[in-house]
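The following account is intended for a reader meeting this structure for the first time. Please keep the sequence and the model in view while reading.

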Amino acid sequence: MSPGAGGGANGDGGSLATLGPQFLLKLSAMMRTARTYDVANQAFQRQAREFLGLIGETFEAEHDDVTLVAVGEHFYLNGVRVRANASLLPVYHSLMAEFERRAVGGIRFLEGISEAEFERFFQLLMAAETGALAERLSETLREASVEHVVIIPASDLEDSEFTQALDQKRENTERGRAKRVFWRAVLGTKRVVLRARQTGRPDLRQAKRLVQPVVDSIMNHEYSVVGLTALKDHDEYTYAHCVNVSVLSIGMGQQLGLSRQVLADLGVAALLHDIGKIAVPGDVLRKPAALSSDEWRLMRRHPLEGVKMMTRMPGLTAVTLDAMRVCLEHHMNFNRTGYPEVKGDWGQSTLSRIVSVADCFDAITAHRAYHKRPRTAFEGLQYLVGDARLNFDPAALWALVKTVGLYPAGTLLQTDSGHIVLVISPNPEDVARPSVRVILRPDGSAPPADQHEEWAPMPRHVAVAKILPPESIETSTSELLAA
């Protein structure tokens, strides 16, 4: 079957829609295992057998070859798009990065593949991480007598009929770029944090590389990346929080007129603002209920621990000093009611005031198990500019509103035209008219699942009639934002 052929059991793609997410999950698990163990290890071999069993199920459903391709920002299994819900997103984008690193556009599995052949294939696939090895991957597989797995180079897909056909369906290019920038930053931040846990200091150069594409997006007035900060219901939120705060801070800094270089330094400082939490016990960080006084004392030390980690950096640069101050001051509050307590005439730096607002906005809209449901972004914004406003710099609050809009991404709206729409990204040109996706039309019908109906931005003749709670619709707003 060609990559573009539709299908699935009974020709409706139903089986493939079910098998696709399993394919990605098992492939990602094998790649993680293969980074630690040899393919001869029992842990890898068990996963390989499960994956080959899944391929066998797909053969039975399709009566044809099994082809997984990556085109644009999506995976397709035998031509059927693998839809990523919020929990699958980290796996989705991690695999996309692995494919790009090896210049792989797709992998075709043929009937008759054996465990030994699959192990040889996977060993060579994992080794092809550099440009020279990636270029020779197909040739290397042939030399190793791997006959039942065929690599489709990314270059072969660029002008294929499959890719051309998808061009009509693909999301706007800005949102596609935003997804790649955002998830690369999340996965990269995870590596920065894990590395800092091992070495006792963060990798500042890697943090700069992660932040620069975000600065470029914001400076190019592409705000889809801001909309992605509304995604909270996924397994990598611990690291995504750091990215969210960085993205929001950069957007706010731009609204305040900061230069590109200062925005880059702000983004790095925001990305590392919580690095001191590495020193806080994991059971305290993950505790869903309210913290005890002793646990709260440990938590309140993370700003100081962050500064200590930053002092271990070689040299003393402007960005290091900025990151130190942000680590120390992001919970201090504009009115000095926060922590750590300091004596004398000490005020938050400009960058700390910005990060403080961004951090609070993202944190209070995140899932907490002891709440019936987390605050929506709209409710979080109301809280910050209402009850909590004295804790924050008024200019930073204004910049947050300009960055996320009056109706932040993830807000469910009912319009005076009778539509129910979901905000997917802000519109700094008019904070009251965000870009939205139509969920329900006035007659109660929904747009087809594979044909998003979007207003970018909301038309001037349409007004917001009501803010709706997320439970007003059956589908998770996180899954709709992730689509």
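The paragraphs below treat a helix pair, the aromatic rings, and some features of the backbone.

The model is a predicted one. On the H12 side, the residues in contact include Tyr237, His241, Leu248 and Met252, while H18 contributes, among others, Ile354, Val357, Asp359 and Phe361. Sorted by class, this contact comprises 10 nonpolar, 4 polar and 2 charged residues.

The aromatic side chains come next. Across the whole structure, a search finds 14 aromatic pairs. In one of them, the ring centres of phenylalanine 44 and phenylalanine 122 are 5.2 Å apart, and their planes stand at 55 degrees, so the pair is tilted. This pair links distant parts of the chain, since phenylalanine 44 belongs to helix H2 (residues 42-62) and phenylalanine 122 to helix H4 (residues 115-127), 78 residues apart. Phenylalanine 44 has a relative accessible area of 0% and is therefore buried; phenylalanine 122, with a value of 0%, is buried as well.

Another pair involves phenylalanine 109 and phenylalanine 121, whose ring centres are 6.2 Å apart; their planes are at 85 degrees, so the arrangement is edge-to-face. Here strand E4 (residues 104-109), which holds phenylalanine 109, is linked to helix H4, which holds phenylalanine 121; the two residues are 12 residues apart. Phenylalanine 109 is buried at 2% relative accessibility, and phenylalanine 121 is buried at 1%.

The backbone, finally, deserves attention in the loops. Between helix H17 (318-329) and H18 lies proline 340, joined to tyrosine 339 by a cis peptide bond with omega of about -5 degrees. The loop between H17 and H18 also holds arginine 336, which has a positive phi of about 65 degrees although it is not a glycine. At 33% relative accessibility, arginine 336 is partly exposed. A cis peptide bond also joins alanine 456 and proline 457, with omega of about 0 degrees; proline 457 is in the loop between strands E9 (454-455) and E10 (464-468). Histidine 221, in the loop between helices H10 (204-219) and H11 (224-227), has a positive phi near 60 degrees and is exposed at 53% relative accessibility.

Technical notes
Residues numbered from 1 in each chain as written. Predicted model: local features only at pLDDT ≥ 70, side-chain atom pairs only at ≥ 80, totals over all residues. Heavy atoms only, no water. Contact = heavy atoms within 4.5 Å. Helix = DSSP H or I, 4+ residues; strand = E, 2+ residues; numbered from the N terminus. Nonpolar A, V, L, I, M, F, W, Y, C, P; charged D, E, K, R; others polar. Phe/Tyr/Trp six-rings, centres within 6.5 Å; stacked < 30°, edge-to-face > 60°. Buried < 20%, exposed > 50% of the residue type's maximum accessible area, 1.4 Å probe, protein only.
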